[in-house]
Amino acid sequence: MIRNLLICLILIGASHADAGEDNSTLYLLGKIAELEARIEALENPRSGTSSVPAGLAAWRRLEIGMPPSQVRQILGEPKKIDSGYYTRWYYGFGTASYSPERVEFTQGRGVTGWEEP
């Protein structure tokens, strides 16, 4: 929406501009599109359920109290789950019980902690 508004304002201004200013208008429109693409990439990072461990940026999006469904959206499916009063989701490649990459939950309280890769 902001982009459309900016485009309208630029086009209105461009109709009053001379030929020399047309190039700067096109340049600015290109910069706006470039910045919007960068914002989109930052606000909507791709996460998935691939076999590749989530990058550090994804782990840094975790928050205390976050429900398991949100953790799954951010980090994908864990390789192993140990359930009990404390539930641990393991994401590492080694033996799951020794994997440092894990998220810990407590029943009814969501995420209580995690270890990043």
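This section describes the strand pairing, helix packing, aromatic pairs and salt bridges of the structure. The model is a predicted one.

The sheet comes first. Four strands make up an open sheet, in the order S1-S2-S3-S4. Their pairing is antiparallel. Strand S1, residues 80–82, and strand S4 are the edge strands. Each of these two pairs on one side only. Neighbouring strands in the sheet are turned against each other by 20° on average, with direction ignored.

Strand S3 covers residues 102–106 and strand S4 covers residues 110–115. The two pair in the antiparallel sense, over five bridges. Within this pairing, Val-103 stands opposite Trp-114 of S4. Glu-104 stands opposite Gly-113, also in S4. S3 and S4 form a hairpin, and three residues lie between them. Gly-108 sits in the turn and has a positive phi of about 75°.

Strand S2 contains Tyr-90. This residue is buried because its relative accessible area is 7%, and burial requires a value under 20%. Tyr-90 is eleven residues away from Glu-101 in sequence. In space, the C-alpha atoms of Tyr-90 and Glu-101 are 6.0 Å apart.

Val-71, Ile-74 and Leu-75 are buried in H4. Viewed down the helix axis, the buried residues of H4 fall within an arc of 75°, so they line one face of the helix. These buried residues pack against helix H3 (56–59), and also against S2, S3 and S4. Gly-76 follows H4 and has a positive phi, near 90°.

Aromatic contacts come next. The structure contains three aromatic pairs. In one of them, the ring centres of Tyr-85 and Tyr-86 are 5.1 Å apart and the ring planes stand at 85°, so the pair is edge-to-face. An angle over 60 degrees is what that class requires. Tyr-86 has a relative accessible area of 45% and is therefore partly exposed. Trp-89 and Phe-105 form another aromatic pair, and this one is tilted. Its centre-to-centre distance is 4.7 Å, with 55° between the planes. The pair links distant parts of the chain, since Trp-89 belongs to strand S2 and Phe-105 to strand S3, 16 residues apart. Trp-89 and Phe-105 are both buried.

Charged side chains form a further set of contacts. Side chains of opposite charge can pair when their charged atoms come close. The count of salt bridges in the model is five. One of them joins Glu-116 and Arg-60, with an N to O distance of 3.0 Å. This pair links distant parts of the chain. Glu-116 lies in the segment after S4, and Arg-60 lies in the loop between H3 and H4, 56 residues apart. Glu-116 has 26% relative accessibility and so counts as partly exposed. Arg-60, at 55% relative accessibility, counts as exposed.

Another salt bridge connects the side chains of Glu-77 and Arg-72, at 2.7 Å from N to O. Glu-77 is partly exposed, with a relative accessible area of 44%. Arg-72 is also partly exposed, with a relative accessible area of 30%.

A salt bridge is also found within the sheet. The side chains of Arg-88 and Glu-104 meet at 3.2 Å, N to O. Arg-88 lies in strand S2 and Glu-104 in strand S3, so this pair ties together parts that are 16 residues apart in sequence. Arg-88 has a relative accessible area of 29% and is therefore partly exposed. A network of salt bridges links Arg-88, Arg-102 and Glu-104.

Methods. Residues are numbered from 1 along each chain as its sequence is written. This is a predicted model: local features need pLDDT of at least 70, side-chain atom pairs count only at pLDDT 80 or more; totals for chains, interfaces and linings use all residues. Side-chain values use heavy atoms; hydrogens and water are left out. Two strands pair if DSSP finds at least two bridges between them. Axes are lines fitted to C-alpha atoms, for helices over the stretch in contact, and angles run from 0 to 180 degrees between N-to-C directions. Buried means under 20% relative accessible area, exposed over 50%, partly exposed in between (1.4 Å probe, protein chains only). The arc is that of the directions from the helix axis to the C-beta atoms. Contact means heavy atoms within 4.5 Å. Rings of Phe, Tyr and Trp (its six-membered ring) pair if their centres lie within 6.5 Å; planes under 30 degrees apart count as stacked, over 60 as edge-to-face and the rest as tilted. A salt bridge is a side-chain nitrogen of Lys or Arg within 4 Å of a carboxyl oxygen of Asp or Glu.
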